[in-house]
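Let's take a friendly walk through this model, one neighbourhood at a time. Keep the viewer open and follow along.

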Amino acid sequence: MAFTQFKHSGTLNPEISVCEKKHSSFAEKAAEEGIVLLKNENILPISLSASVALLGIGADKTVKGGIGSGDVNNRQNITIYEGMEESGIRITSRDWLDDYEHRYQKARLIWKEKILEEAKHVNNPFDAYASNPFIMPEGRPVSEMDIQEAEIVVYVISRISGEGKDRRLEKGDYYLSEREEKDILFLNSRSVPIVLLINAGGPVELTDILEKAQWIKGILNISQLGQEGGRAVARILLGEAVPSGKLTTTWAKKYADVPFAENFSYLNGNLELEEYKEGIYVGYRYFDSFGVKPLFPFGFGLSYTDFKIQFCSIEIDKDKIAVNVSVENIGNTFAGREVVQVYVSLPRGRIEKEYHRLVGYAKTNVLKPGEKQELKILFDGKTIASFFEDANAWIVETGKYGLWIGNNSANLKLEAFINVNQDVVLEQTQKLEALVELSEKLEASKNVKAAEKQLEKSRNADFPTIQFEALQRKQKAGNVDRESLVMGNSLEILAEELPVEELIPLLYGNTGGISSNLGAAGIKVPGSAGETSEALYEKYGVPVLIMADGPAGIRLQRSYEVNRENDSVYGIGVLGSLENGFLVTEKPHQNADTYYQYCTAFPVGTALAQSWNRQLLKEFGEMIAEEMEKFGVNLWLAPGMNIHRNPLCGRNFEYYSEDPLLAGSLAAAVTKGVQSKAGCGVTIKHFACNNQEDNRMGVDVHLSERALREIYCRGFEIAIKESKPVAIMSSYNLVNGVHAANSKDLCTRIVRDEWGFEGVIMSDWNTTEPKDGSIPWKCTAAGNDIIMPGSENDHKSILDGYRSGELSEEEIRICARRVLKLIDKLRSSYLVMSE
Ligand code: BGC
């Protein structure tokens, strides 16, 4: 018996399917939950009878998501204009919007010409695209005429960012454009209430304009909401849905408030080296430890109603600390949801510590006015531990840990203590090879005094207290469930039986693809990102696994043609795979069938995360799995879970948060959803420290072991231990001088030896291609099992490494075994049996 794949993925029927409809309504619900209300001075919700001037570049050109491999080629997007119109809001600014339409179309054509021209002069046309993201043109200046009949102005600020390029610290990107600023000041001078909608992959600096324009009465950070964004925004504006999103990243007052902001990526002119001098002080850990007031704190978000959060008790519940709270909707009109956040402040002892950190959170159901709900928030011992470099250990240091409860990092109340009488060593770690000295470190000790004082005062007060030792007795150390990745073993046996040379193709992707075709090197499912080797298929029946990008949905080609005569697929090249084919003009082929693969564009990672809703993310994962199954995808190249270290990172929109606990727990929820379907697996990425896009393949990130473990690896650790993702993607960059895909520290010591990860690690695409990129045979030696998308050169290097004795037979067999195990586990869904 052999396995064959289904012939062509997708369907010949272009009509909207039942699944698509179901997923659209979920995308709308998720979008609603991701919207964060940042300011509301009696303006929102608006009444349906209000006439609204809808202005700003994203009004009818709403940005659904970022660009690059994180883009989704879906059927249709609902813009804010369309969503508002559909819901019956009277929009009075049609002239302005029509004018913008012309400007936009013109700018698109000019941009297209530019990309096509530049693509002729680079090896990989993707580079021409990635280094020139489309910049939305300015609109015409808003005038009296545009607001004549309006009672309210809704002004949309949109930004496009994505893979391969960081955001610019310039007007029109991180800052408002001149036109936006002038428009808003004009509107302000006419005393018309303004609601700003921020439609960007991350923060846009608003501090100055908020000082100057007091008629800005409302701000919604809508982020990038996917295909149904316009509908979700309309429902929130009208109060048909109530905002319940919270920021997952601190919005600084000034860019310079971000630690070492001036050194980020391209800003200091050095793209070769990025020193993480701030150490563990990332995001609110910095702002709150150093007493720097942000514009909007981490975890912040308003509602149309008010809630009372009450601490009930703290207890030890099995092997966790449990915090019980009750939440009541104390408003009169709106039903809504609140997110309760629990932080722990840490004693400074032998090593300095951050002022506090998030240890748990929970979101209520929709509570009607007067309704109450009790929540239990659980966390384990490691959540309050710190990494001691001198001891190579995770230790909970002696002292009093304050337990703070509230609804953002700046609105917390001390409620209880966790007492640690003696240092508790939770885990002993291995010594890492790649460690460096930083040229400078952020010394907290001089600066944290103010923050500490407040803490000290409350230390002496009488609060409920639990003893950490009581938890310790119940918690088994390093409780890694090694049985979790139970996989079949019928193919695995090949890893022992075949000559080692025959196994080598398993260690890189299917070279039948176009290796330079970033994000679309897959052959069998058009528009997929890549696949595992088919070299062992004919002889041993080892099928390929199909990989497709995320994280805002599944990235495939929306449609493709098949030659009826020879049944072959017409390729569309790199540029054709981008932006739904906007960059190429191809006539339909004669005598061809068109197959459709309509995937859903859900909200981007950050927007999903802003829901702070694990249940929602699990359901999202289930929908992803349904689409994977439908199109024959086995491995989803998501969730992306790098840390929002700096607001300018071009791919922050794909990632969840500046906080590893939040990022890790949300990634775990998505993973549980995706992997609930047999045959579907996730690939959490990019491991680790892929926090900038300019020179992402060459930048060497230098950081302390403590920051590496506490901030940049911690989210991955949480996701792995909680949800057992089947795969990890290593990142392009170097970490302390070693390419992530060549790093035994990352790929073996930390992930496998310490966390018990049993799945597969694959490289990011083309990491072995650049001259000074990662070295193929060293990927295998490090434990990076598959090099993607795979090339002849990868084969040669591994073979040469083996023949020269640098790479051992055992190292090859170990990687091959893991790949075969994964193929065994996932192949079931898209393959059909044949005689
Ligand atoms: C991106 C990955 C993506 C891969 C395949 C790379 O350029 O960094 O996130 O999964 O391409 O498309």
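## A walk through the model

With a relative accessibility of 1%, tryptophan 612 counts as buried, because the cut-off for that label is under 20%. Do keep in mind that what you are looking at is a predicted model. Tryptophan 612 sits in the loop that joins helix H16 (605-609) to helix H17 (614-631). Its backbone deserves a look as well: tryptophan 612 has a positive phi of about 45 degrees, although it is not a glycine.

A second residue of this kind is lysine 724, which has a positive phi of about 50 degrees and is not a glycine either. Lysine 724 is partly exposed, with a relative accessible area of 23%. You will find lysine 724 in the loop between H20 and E27, and this positive phi comes just after H20.

That brings us to helix H20 itself, which spans residues 714-723. How many of its ten residues are buried? Eight of them are, so the helix is largely enclosed by the rest of the structure. The buried set consists of Arg714, Gly715, Phe716, Glu717, Ile718, Ala719, Ile720 and Ser723. Two charged residue types, Arg and Glu, are thus represented in the buried set, at Arg714 and Glu717. What covers these buried residues includes three strands, E15 (393-396), E25 (681-687) and E27 (727-730). Helices H18 (660-674) and H19 (705-712) are also part of that cover.

Of these neighbours, H18 can be followed in detail. H18 and H20 pack at an angle of about 35 degrees, and their axes are 7 Å apart. Their crossing is right-handed. On the H18 side, the contact is made by Pro660, Leu661, Gly664, Ser665, Ala667, Ala668, Thr671 and Lys672. From H20 come Arg714, Gly715, Ile718, Ala719, Glu722 and Ser723. Sorted by class, the contact of H18 with H20 has six nonpolar, five polar and three charged residues.

The axes of helix H1 (residues 18-34) and helix H8 (residues 229-238) come within 8 Å and cross at roughly 50 degrees. H1 and H8 are therefore oblique to each other. The crossing of this pair, H1 with H8, is right-handed. Which residues meet here? Glu28, Ala31 and Glu32 in H1 meet Arg231, Ala232, Arg235 and Ile236 in H8. By class, the contact of H1 with H8 has three nonpolar and four charged residues, and no polar ones.

Now for the peptide bonds. The one from leucine 44 to proline 45 is cis, with omega near -5 degrees. Proline 45 lies in the loop that runs between strand E2 (36-40) and strand E3 (51-55). The bond from phenylalanine 687 to alanine 688 is also cis, with omega near 5 degrees. Alanine 688 is found in the loop between E25 and strand E26 (700-702), and E25 is one of the strands that cover the buried residues of H20.

Next, turn to asparagine 736, in the loop between strand E28 (734-735) and strand E29 (738-739). Is asparagine 736 buried or exposed? Asparagine 736 is buried, with a relative accessible area of 7%. Its side chain reaches the backbone nitrogen of leucine 703 at 2.9 Å. Leaving aside residues up to four places away in sequence, asparagine 736 touches Ala434, Leu435 and Val436, along with Asp700, Val701, His702 and Leu703.

Our last stop is glutamine 467, placed in strand E19 (residues 465-467). Glutamine 467 is partly exposed, with a relative accessible area of 35%. Beyond residues up to four places away in sequence, glutamine 467 touches Ile316, Asn419 and Asn421. With the side chain of asparagine 421, the side chain of glutamine 467 makes a polar contact at 3.3 Å. The C-alpha atoms of glutamine 467 and valine 420 are separated by 6.2 Å, although these residues are 47 residues apart along the chain.

Technical notes. Residues are numbered from 1 along each chain as its sequence is written. This is a predicted model: local features need pLDDT of at least 70, side-chain atom pairs count only at pLDDT 80 or more; totals for chains, interfaces and linings use all residues. Side-chain values use heavy atoms; hydrogens and water are left out. Helices (H or I, at least four residues) and strands (E, at least two) are DSSP runs, numbered from the N terminus. Buried means under 20% relative accessible area, exposed over 50%, partly exposed in between (1.4 Å probe, protein chains only). Contact means heavy atoms within 4.5 Å. A polar contact is a pair of N or O atoms within 3.5 Å; within protein, one must be able to donate a hydrogen and the other to accept it, and residues adjacent in sequence count only if both atoms are side-chain atoms. Axes are lines fitted to C-alpha atoms, for helices over the stretch in contact, and angles run from 0 to 180 degrees between N-to-C directions. Angles under 35 degrees count as roughly parallel, over 145 as roughly antiparallel, 65 to 115 as roughly perpendicular and the rest as oblique. A crossing is left-handed if the near helix is turned anticlockwise from the far one by less than a right angle, and right-handed if clockwise.
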